[in-house]
Amino acid sequence: MPSPTTAPPPSVTPPAVQRLVIDEGSVDQRLDNFLIKVLKGAPKTLVYRIIRSGEVRVNKGRASADTRLALGDEVRVPPLRLAEKSAESEAAVPAREFPVIFEDEVMLVIDKPAGVAVHGGSGVSFGVIEQLRRARPEARFLELVHRLDKETSGVLLIAKKRSALIALQDVFRHRQAHKTYAALVSGAWPDRKKVIDVALHKFLTAEGERRVKAVRGDDDEGRRSISLVHVVQHYAAFSLLDVTIKTGRTHQIRVHLSHEGHGIVGDDKYGDFALNKALSRTSGDGAVPGLDRHRLPDGRFERMFLHARYLRIPHPVSGAELTFEAPLPPECRGLLAALVPVA
């Protein structure tokens with residue numbers, strides 16, 4: 001009696017040839033990036049191997065990893081056995097909408113709260129983009145145009161069409177995007193200090209964490225970085241700044257301000273750790289000069305005071321100039337109200 005056929009485990013995709021037709025959401029995408037997105041869970045080494053071997057075909061012909069896909073192209077993907085994400089893993093991403101500043105058919109601008117990563121990875125299972133996709137299952141395309149640090153709040157731009165993504169990324173690449181951040185720093189920022197032109201070098205710590213440090217301009221590993229600083233208000237022991245970045249380096253504002261001796265309040269990587277610890281306490285040895293703790297909501301402040309408050313860009317389709325603004329979050333306004341201003 002023949003043995004019964006064993007069904008494949010539910011977590012495994014049975015191998016089969018896929019013939020995928022490129023729709024508007026994937027137009028002008030590189031072949032390798034398209035496959036990485038389609039073949040969830042596939043190692044990049046496997047993706048590049050099947051491209052090089054000719055197992056992947058575009059319109060029945062061989063193609064290279066950097067081939068740009070056009071509307072209506074047919075991509076043949078060979079049979080691959082890949083472990084799929086479990087239903088539990090998918091369900092672990094909660095659907096979430098965020099405060100909308102602007103939205104049309106090609107782009108979405110939200111006010112990102114502090115404490116939420118923009119995307120999953122590096123120990124974070126999900127972020128803004130995964131939660132939005134979960135909340136909008138009908139959306140055919142949602143991609144981040146730029147990034148904000150997890151602890152930074154404010155204006156975040158998301159493309160709803162690939163054509164818009166490409167156009168907006170070009171805007172950022174060619175420095176046509178004007179971005180201003182509100183930052184509260186320790187100490188009295190000198191009014192005359194309006195430009196920080198200090199090269200930055202990105203590196204990994206021994207624990208594998210990403211860090212950035214200021215280096216000399218002639219350092220081979222440094223990248224020129226420019227921030228413009230305007231003092232909005234002096235306080236007894238703090239300064240509220242508007243910082244406009246001319247380059248968009250990782251942790252640029254945080255490292256530039258710290259390098260000048262005025263770390264951002266609440267910054268756990270480059271700030272004043274003793275001050276941060278004192279601000280996070282409600283009383284006792286948490287005394288902070290220039291702060292009326294009784295006026296501070298909950299008596300403590302536990303985030304980084306860096307907020308992307310303003311963004312000006314040309315619209316990716318019409319070219320019309322657009323300005324987006326996100327007001328300071330309540331906890332930041334509460335801290336400012338508890339500080340002693342200097343005329």
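The questions below go through parts of a predicted model.

This is a predicted model in which local features need pLDDT of at least 70 and side-chain atom pairs count only at pLDDT 80 or more, while totals for chains, interfaces and linings use all residues. Residues are numbered from 1 along each chain as its sequence is written, and side-chain values use heavy atoms, with hydrogens and water left out.

Student: Is E130 buried, partly exposed or exposed?

Tutor: E130 lies in helix α4, residues 128-135. Helices (H or I, at least four residues) and strands (E, at least two) are DSSP runs, numbered from the N terminus. Buried means under 20% relative accessible area and exposed over 50%, with partly exposed in between (1.4 Å probe, protein chains only). Because its relative accessibility is 22%, E130 counts as partly exposed.

Student: Which residues does E130 contact, leaving aside its neighbours within four places in sequence?

Tutor: Contact means heavy atoms within 4.5 Å. With those neighbours set aside, the residues in contact with E130 are V93, V118, H119 and G120.

Student: Which strands stand at the edges of the open sheet of 4 strands?

Tutor: Two strands pair if DSSP finds at least two bridges between them. The order in this sheet is β1-β4-β2-β3, with antiparallel pairing. Each edge strand has a single partner, so one side of it is left without a neighbour in the sheet; these strands are β1 (18-21) and β3 (61-62).

Student: What angle does helix α1 make with β4?

Tutor: Helix α1 (residues 31-38) packs on the sheet and touches β1, β2 and β4 (74-77). Axes are lines fitted to C-alpha atoms, for helices over the stretch in contact, and angles run from 0 to 180 degrees between N-to-C directions. The angle between the directions of α1 and β4 is about 60°.

Student: Why is helix α6 largely enclosed by the rest of the structure?

Tutor: Helix α6 covers residues 252-259. Its buried residues are Q252, I253, R254, V255, H256 and L257.

Student: Which residue in the turn between β15 and β16 has a positive phi?

Tutor: β15 and β16 (residues 321-325) pair in the antiparallel sense over 5 bridges. They form a hairpin with 6 residues between them. The residue with a positive phi, about 80°, is G319.
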